Amino acid sequence: MPIRSSSRRKAERRRHLLLRLLVPVLVLALALPGLAASPWRVGTDPTYAPFEMQESKSGELKGFDIELIKAIARRSGHRVVFTALPFDGLIPALQARSVDLAISAMTITASRAETVDFSRPYFAAGLGIVVRDGTDDINTLRDLRGRTIAVQIGSVGAKAMAAVPGAKLSTFDSAPLALQELINGHVDAYVNDLPATRYAINTIGLRGIRIAGKPLTEDYYGVAFPMDSPLRPTVNRVLDQLIADGSYARLHQRWFGTLPPPLPEQAPALANRDRQAQLDPGQLVNNLGHGALITLSLTLSSFGLGLFAAAFLAAGLLCRQSVVRRSCRFYVEFFRGTPLLVQLFMIYFGLPALAQALGHTVSFNRFAAAVVALSLNAAAYLAETLRSGIASIDKGQWEAARALGLGPLPTLRCVIVPQMLQLVLPSLANACITLSKDTSLAAVIGFEELFREGQLLVATSYRAFEVYLAVALVYLLLTALISLLFRRWEAQLAQPA
């Protein structure tokens with residue numbers, strides 16, 4: 001009997017212990033069902049205030065779209081994980097299913113609906129024209145003919161302005177950069193969605209620009225999904241609930257200060273579907289051929305100027321005067337130690353903005369700005385290559401030339417430089433090839449070189465893999481051509497005089 005009683009007590013203790021472990025788990029599972037559900041991977045472009053933007057201190061995302069998708073996910077028992085992407089990369093990301101959905105003030109259009117699915121409309125918007133103060137002759141779509149217009153790549157504004165006769169488009173990766181292009185005086189107008197533009201002018205306090213005329217279009221934003229996504233019915237159902245119980249209206253009032261207008265259950269743009277977006281092989285060849293010529297001219301111009309400047313820098317690095325040597329060393333360390341992308345932004349966007357703040361007007365041609373930035377950056381790397389090449393020449397060569405009666409310049413030209421070139425030519429070839437690929441960074445200032453031409457094709461055809469594969473092959477062809485030129489140069493130098 002004592003043995004049975006002891007066994008029974010042990011079994012009861014085990015049951016009590018098991019219950020104490022299971023009860024908190026069950027309570028937690030019932031209280032937080034969203035933790036058990038898989039999170040939604042949400043793509044967004046966090047550069048479009050007030051719809052999606054980053055907190056200046058914490059870096060967390062905020063905005064109308066951000067709060068709306070969080071509310072939808074919370075009501076459906078999910079949480080969200082945001083993925084920051086450029087706007088023109090959202091649809092390719094949906095096609096690749098690397099994100100589950102995208103919310104980024106994306107206008108519902110028939111052409112986009114051929115490649116992704118959309119929720120019911122969640123916001124009423126429309127395109128507007130923005131001009132600088134004092135521009136009184138631009139108020140309508142007709143007034144934009146023959147003008148230079150800044151737009152965001154892949155946006156509805158970019159597509160609409162491409163149809164304006166004679167219009168020249170300057171495309172940028174984000175709306176703030178396109179708007180800065182107008183502020184700096186590089187373009188005649190900026191066209192984009194009005195809600196974000198009004199926010200930039202009224203809330204952020206931009207000066208010197210204004211909205212011209214009436215809205216050009218009446219559009220609607222939607223949440224985008226991969227084709228046949230099972231999440232679409234859930235998002236639509238919760239959106240209907242938020243609109244019906246007034247939660248959506250309170251969110252709209254808080255962000256925009258007004259009650260929202262009535263929203264249709266389906267965007268009018270989907271009433272007439274376009275044919276499926278296709279990639280025209282002829283257009284692909286023409287655009288990439290044009291971009292390749294621009295890239296090649298940009299590479300040769302920047303490399304030539306950079307090599308010329310590098311020769312003086314290398315001489316300065318070897319100079320005995322400490323002031324000259326330290327100045328050249330500072331230049332080299334600055335341009336090698338800061339990203340080329342930052343240098344492009346400083347030259348093209350920063351200098352004109354600084355000049356305006358000081359009461360002056362400075363305007364850079366995009367080709368000139370790209371050449372200047374690439375040349376300054378290349379000069380820093382090439383200077384070290386030339387310096388090491390000169391330093392590697394035996395001092396006896398200088399002494400022998402001096403014994404023959406040659407001065408410093410003839411010695412450099414006839415004795416030192418030919419030997420130095422043979423030593424550094426492979427490094428110069430590598431620098432030139434790297435520079436040809438670095439020209440793709442000029443796309444951020446709206447320069448339509450090879451990579452930018454590829455981006456523009458993806459923005460209209462949504463065929464990312466095919467286009468970027470073709471871009472990569474063209475870059476490969478260009479680098480092979482550069483390698484061939486340097487190999488021939490090297491062979492010529494190796495021949496006896």
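Me: Why are the side chains of Arg 336 and Glu 333 said to meet in a salt bridge?

Reply: A salt bridge is defined here as a side-chain nitrogen of Lys or Arg within 4 Å of a carboxyl oxygen of Asp or Glu, and the N to O distance for Arg 336 and Glu 333 is 3.4 Å, so the pair meets the definition. This is a predicted model, in which local features need pLDDT of at least 70 and side-chain atom pairs count only at pLDDT 80 or more, while totals for chains, interfaces and linings use all residues. Residues are numbered from 1 along each chain as its sequence is written, and side-chain values use heavy atoms, with hydrogens and water left out.

Me: Why is Glu 333 called neither buried nor exposed, but partly exposed?

Reply: Buried means under 20% relative accessible area and exposed over 50%, with partly exposed in between (1.4 Å probe, protein chains only), and because Glu 333 has 41%, the residue falls in the middle class. Arg 336, at 33%, is likewise partly exposed. Through salt bridges that share partners, Arg 329, Glu 333, Arg 336, Glu 384 and Arg 387 are joined into one network.

Me: What makes the contact of Glu 67 with Arg 254 a salt bridge, and which parts of the chain does the pair link?

Reply: The N to O distance between these side chains is 2.3 Å, which lies within the limit, so the name applies. The pair links distant parts of the chain, with Glu 67 in helix H3 (residues 64-75) and Arg 254 in helix H9 (residues 247-256), 187 residues apart. Arg 254 is exposed, since its relative accessible area is 54%, whereas Glu 67, at 25%, is partly exposed.

Me: Why is the pair of Arg 75 and Asp 245 said to tie together parts of the chain?

Reply: Their side chains meet in a salt bridge of 2.7 Å, N to O. Arg 75 lies in helix H3 and Asp 245 in the loop between helix H8 (231-244) and H9, so the joined parts are 170 residues apart in sequence.

Me: What makes helix H7 mostly covered?

Reply: Seven of the nine residues of H7 (194-202) are buried, among them Leu 194, Tyr 199 and Ile 201.

Conventions: Helix = DSSP H or I, 4+ residues; strand = E, 2+ residues; numbered from the N terminus.
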